[in-house]
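The following questions and answers concern the structure shown below.

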Amino acid sequence: MRCKAGCWKGVSVMELRVLNYFLAIAREKNITKAAQSLHVTQPTLSRQIAQLEDELGVKLLNRSSHNITLTEEGMILKRRAQEILSLADKTKRDFLYREENLAGEISIGSGEFLSSRILAERIAAFRAKHPGVRFELYSGNGENVEERIERGLLDLGLISEPVDIRKYEFVPTGEKEVWGAWVREDSWLAGHQAVHPEDLVGYPVITSSTGISQSTVERWMGEYKSRMERAAKGNLLYNMAMLAQADLGAVLGIRLNCSYEGLKFIPLEPVLETYTALVWKKEQIFSPAAAAFLESIKRHLVPRPSDGEGAGGRE
């Protein structure tokens with residue numbers, strides 16, 4: 001974006017109120033409807049958006065007699081505005097009642113793991129002591145969670161090891177995540193006690209879209225990885241399970257405390273196990289509530305001696 005004098009990429013003089021105005025127009029695709037939803041006059045709204053475009057030095061809206069669409073620059077601002085307003089709202093919630101009882105909101109991201117049970121138990125135990133604290137959970141794969149941690153939208157994240165120790169501090173959960181294949185009950189694989197790499201040669205598979213998960217599967221496939229037929233990728237098991245139910249192929253993933261109608265989980269052989277860790281950004285400054293919760297987690301997630309092999313880092 002171009003920038004007029006007196007602003008840093010338009011951000012330093014841009015008011016949160018105006019960003020809310022812009023998002024309302026993007027949502028309603030109509031100035032009149034947006035003005036009504038914001039309880040301001042149409043001329044006021046039009047003037048504010050015109051000033052915003054002038055401040056940024058770009059055209060944000062394509063106006064027609066029927067509706068309004070966003071320009072390419074408008075799409076960029078929409079994404080940035082959503083992030084800015086989300087972070088501003090989170091910051092305000094973090095410091096509510098700071099000087100009275102421990103309160104605020106803690107944002108945590110997590111993939112789909114058995115170890116999510118441990119996280120849920122710690123959240124419940126912490127909130128029993130501090131009812132003024134609320135939690136916001138974001139579900140996604142490791143890459144999604146790390147991205148949101150980097151943007152300041154999450155305080156903590158539960159992800160697969162290894163952890164990038166250049167960017168994150170972490171505490172291992174010590175929970176083993178056992179990998180296997182989710183296959184249809186009428187598949188010839190369903191009769192196996194275990195699935196071997198050679199069993200999947202020519203058999204369509206559905207894998208996680210994350211780089212770590214893909215490399216984990218490829219290492220396990222070994223000499224057969226070049227003959228693996230990847231039919232689809234996904235980031236959450238539920239959607240991938242639906243593909244398996246539709247007979248697209250076998251899902252390669254971890255065993256969870258759940259079941260899917262018509263599908264059977266068969267462990268991999270050689271055994272494939274991974275571990276998880278709760279991570280946070282290095283030099284992170286936490287709200288009082290988040291700092292207290294993290295200390296509680298550290299006290300309860302002391303790695304057992306047998307967990308040493310699972311804990312690791314990417315350098």
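Q: By about how much of a helix are Lys 298 and Glu 295 separated in helix α9?
A: This is a predicted model, in which local features need pLDDT of at least 70, side-chain atom pairs count only at pLDDT 80 or more, and totals for chains, interfaces and linings use all residues. Residues are numbered from 1 along each chain as its sequence is written, and side-chain values use heavy atoms, with hydrogens and water left out. Helices are DSSP runs of H or I with at least four residues, strands are runs of E with at least two, and both are numbered from the N terminus. Because Lys 298 and Glu 295 lie three residues apart in helix α9 (residues 288-300), their separation is about one helical turn.

Q: How far apart are the closest N and O atoms of Lys 298 and Glu 295?
A: The pair forms a salt bridge, that is, a side-chain nitrogen of Lys or Arg within 4 Å of a carboxyl oxygen of Asp or Glu. Between Lys 298 and Glu 295 the closest N and O atoms are separated by 3.7 Å.

Q: Is Asp 164 buried or exposed?
A: Asp 164 meets Arg 166 in a salt bridge (2.9 Å, N to O). Buried means under 20% relative accessible area, exposed over 50%, and partly exposed in between (1.4 Å probe, protein chains only). Arg 166 has a relative accessible area of 58% and is exposed. Because Asp 164 has 5% relative accessibility, it counts as buried.

Q: In which sense do strands β3 and β4 pair?
A: Two strands pair if DSSP finds at least two bridges between them. Strand β3 (residues 104-110) and strand β4 (residues 133-139) have seven bridges, and Gly 109 stands opposite Tyr 138 in β4. The sense of the β3 and β4 pairing is parallel.

Q: Which residues does Leu 119 touch, not counting residues up to four places away in sequence?
A: Contact means heavy atoms within 4.5 Å. With residues up to four places away in sequence left out, the residues that Leu 119 touches are Ile 108, Ser 110, Leu 158, Leu 278, Phe 293 and Ile 297.
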